[in-house]
Amino acid sequence: KAAQLVAVGTTQEEIGTRGATTSAFSNAPHIGIAIDVGHATDHPDTDPRKHGLFKMGDGPIIGRGPNITPIVYKRLIEVATAEEFPYQIEAEPRPTGTDARAIQMAGPGVAASVVSIPLRYMHTPSEVLDLEDLENTVKLLVAFTKSLKTGEHGIW
């Protein structure tokens, strides 16, 4: 077989990425993409100068930083651009605080990335997202997966 796609729903991300740690170790992937939510900052209660400007309806947020493998980041951007999917970029200057950190550190190391869905009112009973952002996140991940070629895992 050319490839195997494994989807994992993890727990305890907020308290040490424990679910992702064991999942990434046991699956030993070549590439791992953490799918998370990110703060939509396009409302009056948030200072976009401090947190960046991430808008609901402008597509998934692709992370870039030390937890993000540059070639995975580049491929996500290439795919989004080629397919004309909307996307936003978030600078992640430290470990992301997402499952991407655990994925990256698994076993001998894994090429990792994080793609977030813009979300307003995170960690409240009334979280809100744009369904088009959710759909575009799925489309991006499907197109990324389809872009992978047999034997290419050596470049990751």
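Predicted model: local features only at pLDDT ≥ 70, side-chain atom pairs only at ≥ 80, totals over all residues.
Residues are numbered from 1 along each chain as its sequence is written, and side-chain values use heavy atoms, with hydrogens and water left out. Helices (H or I, at least four residues) and strands (E, at least two) are DSSP runs, numbered from the N terminus.

**Helix α1 and the residue after it**

- Buried means under 20% relative accessible area, exposed over 50%, and partly exposed in between (1.4 Å probe, protein chains only).
- A28 follows α1 and sits in the loop between α1 and β1.
- A28 is not a glycine, yet its phi is positive, about 45°. A28 is exposed, with a relative accessible area of 56%.

- E84 belongs to the loop between α3 and β3 (88–91). E84 is exposed at 71% relative accessibility.

**Salt bridges**

- The structure holds 3 salt bridges. The criterion is a side-chain nitrogen of Lys or Arg within 4 Å of a carboxyl oxygen of Asp or Glu.
- R120 and D42 pair through their side chains at 2.6 Å, N to O. This pair links distant parts of the chain, 78 residues apart: R120 is in strand β4 (residues 111–120), and D42 is in the loop between β1 (31–39) and α2 (48–51).
- R120 is buried, with a relative accessible area of 17%. D42 is partly exposed at 27%.
- D47 bridges to R49, with the closest N and O atoms 3.2 Å apart. D47 is partly exposed at 31%, whereas R49 is exposed at 77%.
- E78 bridges to K74, with the closest N and O atoms 3.9 Å apart. Both lie in helix α3 (residues 70–83), 4 residues apart, about one turn of the helix.
- An α-helix has 3.6 residues a turn, so residues three or four places apart point the same way.
- E78 is partly exposed, with a relative accessible area of 40%.

**L119 in strand β4**

- L119 lies in strand β4 and is buried, with a relative accessible area of 5%.
- Leaving aside neighbours within four places in sequence, L119 contacts V37, G38, H39, A40, E127, V128 and L129.

**Nonpolar surface patch**

- L129, L131 and L134 form a nonpolar patch on the surface, with about 260 Å² of accessible area together. Areas come from the Shrake-Rupley method with a 1.4 Å probe; for residues, only the protein chains shown count as cover.
- Patches are made of residues with over 30% relative accessible area and no salt bridge; like charges are joined within 9 Å, and nonpolar side chains (Val, Leu, Ile, Met, Phe, Trp, Tyr) within 5 Å.
- L131 is found in helix α5 (residues 131–147). L131 is exposed, with a relative accessible area of 63%.

Conventions
Contact = heavy atoms within 4.5 Å.
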